[in-house]
Amino acid sequence: MLKLPIYLDNNSTTPMDPRVLEAMTPYFLEHYGNAASRNHPFGWQAEEAVDYAREQIAKLIGADPKEIIFTSGATEGDNLGIKGVYEMYASKGNHIITATTEHKAVLDTCKHIEKTGGEVTYLQVKPDGLIDLKELEAAIRPTTILIAIMYANNEIGTVQPIREISAIAKKHGVLLFTDAVQAVGKVPVDVNKDGIDLMAFTAHKMYGPKGVGALYVRRKNPRVKVTAQMDGGGHERGMRSGTLNVPGIVGFGKACELCMQDMEADTKRISKLRDKLETELMKLEEAYINGSTEHRLPHVTNISFKHVEGEGLLMGFNKNIALSSGSACTSASLEPSYVLKALGLGDDLAHSSLRFGLGRFTDEEQIDYTVKAISETVIKLRDMSPLWEMYKEGIDLSKIEWAAH
Amino acid sequence: MAYSEKVIDHYQNPKNVGTLDKNSKNVGTGLVGAPECGDVMRLQIEVDDATGMITDAKFKTFGCGSAIASSSLATEWLKGKSIDEALTVDNMDFVEELNLPPVKIHCSVLAEDAIKSAINDYRVKNGMDSIKFEESVVH
């Protein structure tokens, strides 16, 4: 039986896998020791659990366990990775290259760095959401110390050519940081094959708990160091002080193990559902897919339904389907999604977009329900839309002088 | 974001959705907002020449639930009012009736602008001067 509401906002966060919760529970109630307590069994158990989780996590991304620095999540990982490199390598230069479609945790970190005297180049993306590799290479200066480009985008799912990017970084002796929150656990990420020097990711986007993440910091070829951003007990090899979130870390480890084990089957099943959703919704007139369909995460699609406004659209079914929109009205800022605008979409199309993030627990019945509910709402709202009426009358909307208000 | 019940009701059962003949002398059309801003309202009134009463009102709106509810409510209020009465409708009336949160006040402003714009269109068509309104400063 179909259970409502349906959750299709997995890019925002994923539900926890019950197997993850099961692994975590003893670390709240029985093995509650501090992993830094060296002198009693409680501490030893906690440390052992953390070490094991570190191995599970490292294995998923092809890293050495010593290269995993636990954080509170990806925002902290982004801050620590970028600011940490900026401060540690200050004698080599002060220039960072990133892109306009990065997550706010990266963009705002870069803006902060600019305020403290750093220089940042924000690369534009092509209409499919990918960066231009020639532009990237051309942006490198003698003072460039870091390239920060995300693995996959949170709004449109576009996967950047990370291997080509790392080859360019390597050629010029520049470090590569990537925010891989949306990619790790969903697609094969291998820090060595991909040539990544630093990488932020988080448990709650891969069926693990909220409040725990990791920063991968390369130890060999080259050995990378970051300046700690919090002072304290010198945990995590001095890079991130603070008592480790043992149950969270245990859950993170389990989540990684499950992703590794289920990735192939999950991807096959979920991408089939995504394709069905997309194909059915694209049968509506004037529907457009945003971002590359070729280089894209298997569980994501982002579609604009022209002449209907995103928030109005969501209201037609948001009691029963959890989705997000690039519309301004769903945010406090009244500005539509900067990611969609960076693709060159007009504000009108950005206002009309829906983001679908499928997941491990999405099934076909849910997709069928969603297709029906969205199609009906789009048609209903277009009947109510003056823009749709004008479009149907053949009026060129771009030629109208709209009264700004 | 939690909507008030009244907004939800107007969204689910909008009143007076439709189109009047914009070329008719008795019809005033107001088209306000812009696609780039995420809301466009078209409000139309049909006026009885002899009495100056608004006999019919229709709307079509591209926008969020609050924008749709504001325009639906506007058509309900306008029907049966005289042009002069219609001019007294204030955006805060919408805010109060629909319990709009601060972030949605611009929807009410848009509805007020749509009413004024429709009235002016009707006036100009019938040889009257268009009324100058103080600009509403939102956005």
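Predicted model: local features only at pLDDT ≥ 70, side-chain atom pairs only at ≥ 80, totals over all residues.
Local features need pLDDT of at least 70 and side-chain atom pairs count only at pLDDT 80 or more, while totals for chains, interfaces and linings use all residues. Residues are numbered from 1 along each chain as its sequence is written, with chains lettered from A and ligands numbered from 1 in the order in which they are written.

**View 1. Helices H2 and H5 of chain B cross at roughly 40°.** Here H2(B) (residues 65–78) and H5(B) (residues 105–125) have axes that come within 9 Å; axes are lines fitted to C-alpha atoms, for helices over the stretch in contact, and angles run from 0 to 180 degrees between N-to-C directions. Helices (H or I, at least four residues) and strands (E, at least two) are DSSP runs, numbered from the N terminus. The crossing is right-handed, that is, the near helix is turned clockwise from the far one by less than a right angle. Look for B:Ser70 and B:Ala74 among the H2(B) residues in contact, and B:Leu110 and B:Ala114 among those of H5(B) (C-beta atoms, placed from the backbone, within 7 Å).

**View 2. Chain B meets chain A through 28 of its residues, which touch 24 of chain A.**

**View 3. A:Met390 sits in helix H14 (residues 386–392) of chain A.** A:Met390 counts as partly exposed because 19 C-beta neighbours lie inside 10 Å (buried is 20 or more, exposed 12 or fewer, partly exposed in between). Beyond four places in sequence, A:Met390 contacts A:Ile395 and A:Leu397.

Methods. Contact = placed C-beta atoms within 7 Å.
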